[in-house]
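Subject: A structure for you to look at

Dear colleague,

I am handing over a structure that I would like you to open beside this message. Please take a moment with it before you read my notes below.

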Amino acid sequence: MLTIPVMLWNIVLAGKLPQVFQPEIFWKDIPPFLMYGESISRIAVFAVAYFIPLNFPASFKRKGFYVYLLGLLLYFVSWILLIYLPDSNWSTSLLGFMAPAYTPLLWLVGIGLIGESFYFNLPYKRWIFILLSIVFLAFHNLHAITIYWRVY
């Protein structure tokens, strides 16, 4: 459930990102191991996150929710800067260009901290979800840096 704002944001605004982020450039000539690694790990992270129920009474989970909200805010701001200031020093820097690729670490860790079980009868371990998220982000960031080096 906590991935829904991210998915909606991506669906609505992806077409407004600078041309370099559009599929015909962003996915062109990406090595298969990177393309498949990123795609498979993305599906796994979003699928696992979908099966984590939302229960917020414990302080640990409340802190996780704050980490999630901060991560979501930074993620959204990273997109807004790229959309509205595409030629700025920030947007053309490595740090700015890659911000949508590394800021998900916070909202994904937040989801991992919030969770304590699945809807089905398998044990939930925070570190497994967080590790899976890190694997996805390793591929995602490698993809983004590959494009950055190619363009800039």
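Does D29 count as buried or exposed? D29 counts as exposed, because its relative accessibility is 61%, where exposed means over 50%, buried under 20% and partly exposed in between, with a 1.4 Å probe and protein chains only. D29 lies in the loop between α2 (23–26) and α3 (32–50), and although D29 is not a glycine, its phi is positive, at about 60 degrees.

Please keep in mind that this is a predicted model, in which local features need pLDDT of at least 70, side-chain atom pairs count only at pLDDT 80 or more, and totals for chains, interfaces and linings use all residues. Residues are numbered from 1 along each chain as its sequence is written, and side-chain values use heavy atoms, with hydrogens and water left out.

As for the whole protein, there are eight helices and zero strands, both taken as DSSP runs numbered from the N terminus (helices are H or I, at least four residues; strands are E, at least two). The radius of gyration, taken over C-alpha atoms and compared with a globule rule of 2.2 Å times the number of residues to the power 0.38, is 16 Å, which agrees with the value near 15 Å that a compact globule of 152 residues would have. The C-alpha atoms fill a box of roughly 45 × 30 × 25 Å along the principal axes, and buried residues make up 41% of the 152 residues.
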